[in-house]
There are 2 protein chains.
Amino acid sequence: MRIYIIGVDGYLGWPLAMSLAGRGHRVGGCDLHLRRRWVAEMGSQSATPIRSMPVRLKAFRERFGRPVEFAKGDIRDYTFVLSCLRAFRPDAIVHLGEMPSASYSMMDLAHCAFTMTNNLLGTLNILHAMKAACPEAHLVKLGTMGEYGTPNLDIPEGFFTIAYRGRTDTLPFPRQAGSWYHQTKVHDSNNVMFACRMWGLRSTDIMQGVVFGTRIDEMGEDERLLTRVDFDQCFGTAVNRYCAQAAIGHPLTPFGRGHQKRGFLPLRDSMQCLRLAIEHPPAPGEYRVFNQFEEVYDITELAQKVQRVGARLGLQVQIRPLENPRKEKEDHYYQPDHQHLLDLGYQPTHDTEAEMAIMLADLMKSRARIEACRAALIPDIRWDGSRRKVAFVSEGAPAPRPLQVNGPRRAVGRRRELAAKSA
Amino acid sequence: MRIYIIGVDGYLGWPLAMSLAGRGHRVGGCDLHLRRRWVAEMGSQSATPIRSMPVRLKAFRERFGRPVEFAKGDIRDYTFVLSCLRAFRPDAIVHLGEMPSASYSMMDLAHCAFTMTNNLLGTLNILHAMKAACPEAHLVKLGTMGEYGTPNLDIPEGFFTIAYRGRTDTLPFPRQAGSWYHQTKVHDSNNVMFACRMWGLRSTDIMQGVVFGTRIDEMGEDERLLTRVDFDQCFGTAVNRYCAQAAIGHPLTPFGRGHQKRGFLPLRDSMQCLRLAIEHPPAPGEYRVFNQFEEVYDITELAQKVQRVGARLGLQVQIRPLENPRKEKEDHYYQPDHQHLLDLGYQPTHDTEAEMAIMLADLMKSRARIEACRAALIPDIRWDGSRRKVAFVSEGAPAPRPLQVNGPRRAVGRRRELAAKSA
């Protein structure tokens, strides 16, 4: 198949290009390298020493015997998107070209407005360009499990059939996202669903969990093929941050009471799932939703796993909760479905700790790069709009203004007990 | 109370200023007069001879003894919004400053992207400026009943409590909007709800039905105080268009089979409801949703009412269905709740035909202005993205490519029978 990856320079985009090329697919892609700039803006860098795009492309061609047909450009520019799709004639388009950080979007109005316009206009341009250039192509759109929030119900895959006052219908499952970034993903989902309904486009909307990992097999030992691994407050995801912290002897820092549950999956599983979605497209006009994760963990459980794996590698790993800069439920029900990808043949890795061991080994080689940006490990972006480093809860720091979630299940402060327990 | 109306030059904004001033409230407002430009872009004009803003403001001061504190500016400019709110110190902000037309947003990518950024960034700027300048103020945000679409269930007011797989939660009712414009309103609703949850702002999100009418009592006989009444394909709403058509002897033009049901309310009822929402604010941090309409009608029923009222005034009124340029369900269940405003004391007019008689009398005075833009009465903006005048279904015009809604209840063509019946 001919597969076009928007955001091919990113954490998922770059390994996806390799993963698909390894299966014999033709790969094209575009990127504006904004992710590199955003991470620099946060005073950080990729833990892995990623190469410039020209070096990456050269190494790719050497390894896979054919190029990534690459174009540098901005998907907020419709003519750029249209020319990319016209030139490449894709069977599938994977849209990974969005600003992906909750914290970055919550920084201030400028970052909120940038996230909103960048993500929405990019997706709208892709939809309009598909309609004009390749209406039969399949759009694989990256959403996030965070679109659903944490309702007190099981979370189906996108749609649910419900009875209400004696009637029945199948409706989109309500979304309750927890940041401006997550809101953009909800808006995108609504816009993509609408375009499929109106114009007969086809799309798979991936509600992905939190990805972790430093490598996939297709990279081999060629350092030029490494993907980026971020650990800063904005672009580092939970497990990647933990592993970067463990690698340099920094305590692992779950937020608040640490009971927040999320779906997680290794990078290699994310690649497997995206490939399955691409190779099994929906019917024309169909909009389908996949919940894409391997297992649900709470964030303290994951920290404890990293601690155990670190101990086996001779690392002394502490866990020290930070006050929660976010406004989110810290104790909640969480039971999302994830059957659609299993039905397509997804074979979960089911060995989180083995994956963590690989990550720690990789990141221990990058200690100097992580140490150089150590300050980026502790967040200062708060959901109330202020900007102030959060404190370890065990320090007895003066309590900041309380961050409570409105609604029936308020998070009440039990941080000290937890901190005492985990200390 | 001190009430700031964003979009005070508009169809609703201008009479709302009078309605509130008549109750003794202090009124401020801003506008960029984009609505005047959009209607001109559609080759049309207000049926009523509305005056320039300076003339309106002078007449307002003469009638109510105090001014509208007015500023001309663009709400996409945050510093403008912030300075307005800082200067006026409102108790309530009524946000009517959005691009309000489904057809306009469906014209092409440029109009879609404009609608998306204009509506979303305006609302985001207002939310951020409220947080900075007046976090206690009450945001009355105009949404639309169209956010819900036409599910096969009763439509509650914003939220519903449901059981699913043995658990129960109260969740936002799923939205299935039918145009890019309607999508922006859904995105806005999600963004406003999020800001209330995160920052403790308070808001009433008004899911308003289709408004009709040419006047409210507070205008008296001063022509300088008239509000605009549009009849073009983009900015004319159903009944206003019918009445403009009837006034010049043009047939009334329901779309397709004409069984589409919507909630409707007279302009004076819209004013009464907005006033009730403003005078009974929600608690800090509360986000509430009001479904605001008087009664549900199907669009053929309404055409027949205009026909009857016209006959009493000596007008010969024909009804001739047009092919439907939209992609929407033409036969569907529709049972939305509308109790919250009744609980606050809303007293519905309950005399649609009397209101129509007033409208026809007003619009018959404007025949020349409507005749001058007669071409704007027949739509050419189609939901498939093409631009081609739609034909009367009774003309036996070659059928255009079918506009079918995906999903279980497809609209099948029975247009000829209907046309034959109504001819």
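Contact here means heavy atoms within 4.5 Å of each other. The model is a predicted one, so local features need pLDDT of at least 70 and side-chain atom pairs count only at pLDDT 80 or more, while totals for chains, interfaces and linings use all residues. Residues are numbered from 1 along each chain as its sequence is written, chains are lettered from A and ligands numbered from 1 in the order in which they are written, and side-chain values use heavy atoms, with hydrogens and water left out.

Take the meeting of the two chains to begin with. On the chain B side, 58 residues are in contact with 59 residues of chain A. The size of an interface is often given as the accessible area lost when the parts come together. Here the buried area (the accessible area, with a 1.4 Å probe, that two parts lose on being put together, summed over both) comes to about 5200 Å², and carbon and sulfur atoms give 63% of it. Tyr164(B), Arg167(B) and Trp180(B) supply 13% of what chain B buries against chain A, more than any other three residues.

The side of chain B that touches chain A draws two or more residues from each of helix 6 (109-133), strand 6 (159-164), strand 7 (167-172) and helix 7 (180-199) of chain B; helices (H or I, at least four residues) and strands (E, at least two) are DSSP runs, numbered from the N terminus.

Away from that topic, Ser46(A) sits in the loop between helix 2 (34-41) and helix 3 (53-64) of chain A. Ser46(A) is buried, because its relative accessible area is 3% (buried means under 20%, exposed over 50% and partly exposed in between, with a 1.4 Å probe and protein chains only). Leaving aside residues up to four places away in sequence, Ser46(A) touches Val39(A), Arg228(A), Val229(A), Asp230(A), Phe231(A) and Arg369(A).

Two loop residues have a backbone angle worth a look. Most residues other than glycine have a negative phi. Arg89(A), in the loop between helix 4 (78-88) and strand 4 (92-95) of chain A, has a positive phi near 50 degrees and is exposed at 54% relative accessibility. His350(B), in the loop between helix 11 (340-343) and helix 12 (352-364) of chain B, has a positive phi of about 55 degrees and is exposed, with a relative accessible area of 52%.
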